[in-house]
Amino acid sequence: MEVTPAAYSHLLHSLMGLAGGKVCVVLEGGYCIPSLAEGVALSLRTLLGDPCPDIGPVAQPSESVVETILNVIASLRPFWHSLQLQGSYHEKIEETKSTERIRPEIHYRGQPKIQETYPTSYFYVNWGEELKTQLEQRVEQLIRQTDLTVPPHRTALAFDERMMKHQNHMERCRFCSL
């Protein structure tokens, strides 16, 4: 998965809107410390009200991502009412005017035996030195490209209930007979 540090800012901003600003951010840990640190810093900026940094053009999701999302929808659809509102996928591939609907096929690619316990400490993925170097360079590039400028003047909407009672007694009201 390649979620950039700036993308966390956008995800958090969307969640804050859905949750009315009541969001708790929990740091789970990470395998790429520079990326984790940048993601935390950008998340904190978002919580403090700074604008989200530009993430640039977003690429088309890969086929494996689309397949995974369709599999998740197919698996959770019987249990989540929000997913039942979406159109269903049929057994056959059905061609519509401009798009093609595909039937998700659920594939289990995990371990066939369920483990009793899972390691929670000192368990890190061994990336290999070459891949690790490439990932670190990519994170450094993303950090350099992230625009953290904030407008010099921020705008805000202030609402006071008393403003609704304001009337201009010199002006005739077009909605009433005054």
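## A walk through the predicted chain

Let's start at helix 1, which runs over residues 5–18: its 14 residues reach 21 Å from the first C-alpha to the last, close to the 20 Å expected at 1.5 Å a residue. That expected span is 1.5 Å times one less than the number of residues in the helix. Helices here are DSSP runs of H or I with at least four residues, strands are E runs of at least two, and both are numbered from the N terminus.

Before going on, a word on ground rules. This is a predicted model, with residues numbered from 1 along each chain as its sequence is written.

Buried means under 20% relative accessible area, exposed means over 50%, and partly exposed is in between, using a 1.4 Å probe and protein chains only. Just after helix 1, Gly20 takes a positive phi of about 65°.

Ser9 counts as buried because its relative accessibility is 1%. Leaving out residues up to four places away in sequence, Ser9 touches Leu42, Thr46, Cys52 and Pro53, where a contact means heavy atoms within 4.5 Å.

Now hop over to helix 2, residues 33–47, where Leu47 has its place. Glu38 lies in helix 2 as well. Glu38 has 14% relative accessibility, so it counts as buried. Not counting residues up to four places away in sequence, Glu38 touches Pro5 and Ile143. The C-alpha atoms of Glu38 and Glu140 are 9.8 Å apart in space, although the two residues are 102 apart in sequence.

What about Leu47 itself? With 37% relative accessibility, it counts as partly exposed. The areas come from the Shrake-Rupley method with a 1.4 Å probe, and for residues only the protein chains shown count as cover.

Next, charge pairing. Side chains of opposite charge can pair when their charged atoms come close. A search of the whole structure turns up 1 salt bridge, meaning a side-chain nitrogen of Lys or Arg within 4 Å of a carboxyl oxygen of Asp or Glu. Arg45 pairs with Asp50, their closest N and O atoms being 3.5 Å apart. Arg45 is partly exposed because its relative accessible area is 22%, whereas Asp50, with 16%, is buried.

Further along, Trp127 sits in the loop between strand 2 (100–101) and helix 5. Its relative accessible area is 39%, so Trp127 is partly exposed. Trp127 touches Tyr31, Lys132 and Leu135, again not counting residues up to four places away in sequence. Trp127 and Tyr31 are 96 residues apart along the chain, with their C-alpha atoms separated by 9.7 Å.

Zooming out, the chain has 5 helices and 2 strands, in the order α-α-α-α-β-β-α along the sequence. Of its 178 residues, 12% count as buried. Among contacts with a separation of 6 or more, 63% link residues 24 or more positions apart. The accessible surface comes to about 16,200 Å², and 58% of it belongs to carbon and sulfur atoms.

Finally, how confident is the predictor? The mean pLDDT, a per-residue confidence from 0 to 100, is 76 for the chain, and 66% of the residues reach 70 or more. Over residues 90–94 the pLDDT stays under 50, and the model has 8 contacts for them beyond four places in sequence. Residues 97–101 also have pLDDT below 50, and this stretch has 9 contacts in the model beyond near neighbours in sequence.

Notes
Predicted model: local features only at pLDDT ≥ 70, side-chain atom pairs only at ≥ 80, totals over all residues. Heavy atoms only, no water. pLDDT = per-residue confidence, 0-100.
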